[in-house]
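Q: I'm new to protein models and would like to learn how to read a sheet, its helices and a pocket. Could you walk me through one?

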Amino acid sequence: MKFLKVSTVTAISTVFLLGACTDPARIGTDDPHQKAKQGAILGGMLGAGIGAVSGSSNKGAAALAGGALGAIVGGTIGDSLDQQEAELREQLSSDGITITNTGDRLIVSLPNDITFATDSFEVRPGLRADVSRVAAHLNRYPDMTVQVVGHTDSDGEAAYNIGLSKRRANAVADILQAGGVSYSRIVTIGRGEEEPIASNLTAEGKARNRRVEIVMIPTG
């Protein structure tokens, strides 16, 4: 019982150390396989932690097995996301669209100012082509689930902003579905002003906060 307690603490401590071990500055920001390495490190350390607190009589062997399996899975997911990120950067043409690879998911961010007219939830014709390209990409990777998340700045009533962000998320999701992506893969969410990525005290910050994010998450 004492060993289990120590192992549990070790596993939990390992999770807190992940940020330091997967720091891009330590791995190298110019490394094209950076996210794959981060995924392998994350998967391996979590796998080892899980193995250490498992019910196996041989804790060391369980930790090694869990670490190896986690590293393989994490590295494979990381490689796939690196590849998909590169493909999307080649396919999307509109200025202002950003692609973020977090190591466990891809986030395509569509600024509202180029995606919608003011106070509208109809996607501008110029952006529909890029959203359709994202749909074609998702059709090539059917193991990805999709969250379409709408965000606003803090102007106006919070309840209204929630509704507007949800309608905008639905409008983007409709184009994905029209492009062949099954609605069973898609979850739409309206966050309103709840998750800003910049200050709402400046016009520039508000513009960054007004966005719809297409979040692509590997299922396994």
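Predicted model: local features only at pLDDT ≥ 70, side-chain atom pairs only at ≥ 80, totals over all residues.

Q: Which strand is joined to β3 by six bridges, and do the two run parallel or antiparallel?

A: That strand is β4, and β3 and β4 run parallel. To find the place, look at Val149, which stands opposite Ile189 in β4.

Q: What is the order of the five strands in the open sheet?

A: Read across the sheet, the order is β1-β2-β5-β3-β4, and the pairing is mixed. From one strand to the next, the twist averages 20 degrees.

Q: Why is one side of β1 and of β4 left without a neighbour in the sheet?

A: β1 (98-101) and β4 (186-192) stand at the edges with a single partner strand each, so one side of each has no neighbour in the sheet. Ile99, for example, has Val108 in β2 as its bridge partner.

Q: How should I think about the side chains of a strand, and how many residues of β3 are buried?

A: The general idea is that side chains in a regular strand alternate between the two faces of the sheet. Buried means under 20% relative accessible area. In β3 (144-151), six of the eight residues are buried, so by this cut-off the strand is mostly covered.

Q: Which strands does helix α6 lie across, and which does helix α7 lie across?

A: Helix α6 (residues 125-140) lies across β2, β3 and β5 (211-218), running at about 10 degrees to β5. Helix α7 (residues 158-178) lies across β2, β3, β4 and β5, and runs at about 155 degrees to β4.

Q: How do I read a pocket, and how much space lies in the largest one?

A: Rolling a probe the size of a water molecule over the atoms shows where empty space is left. Here the largest pocket holds about 250 Å³ of space. It is lined by 15 residues, and the closest to its centre are Thr118, Asp119, Leu164, Arg168 and Arg210.

Q: Which element gives the largest share of that lining, and what kinds of residues does the lining contain?

A: Helix α7 gives the largest share, four residues. The lining divides into seven charged, four polar and four nonpolar residues.

Conventions. Residues numbered from 1 in each chain as written. Heavy atoms only, no water. Pairing = 2+ DSSP bridges. Axes fitted to C-alpha atoms, helices over the stretch in contact; angles between N-to-C directions. Contact = heavy atoms within 4.5 Å. 1 Å grid on protein atoms, 1.4 Å probe; cavity = no way out; pocket = protein on both sides within 12 Å on 5 of 7 lines; lining within 4 Å. Points joined across faces, edges and corners; volume = space filled by probe spheres on them. Nonpolar A, V, L, I, M, F, W, Y, C, P; charged D, E, K, R; others polar. Buried < 20%, exposed > 50% of the residue type's maximum accessible area, 1.4 Å probe, protein only.
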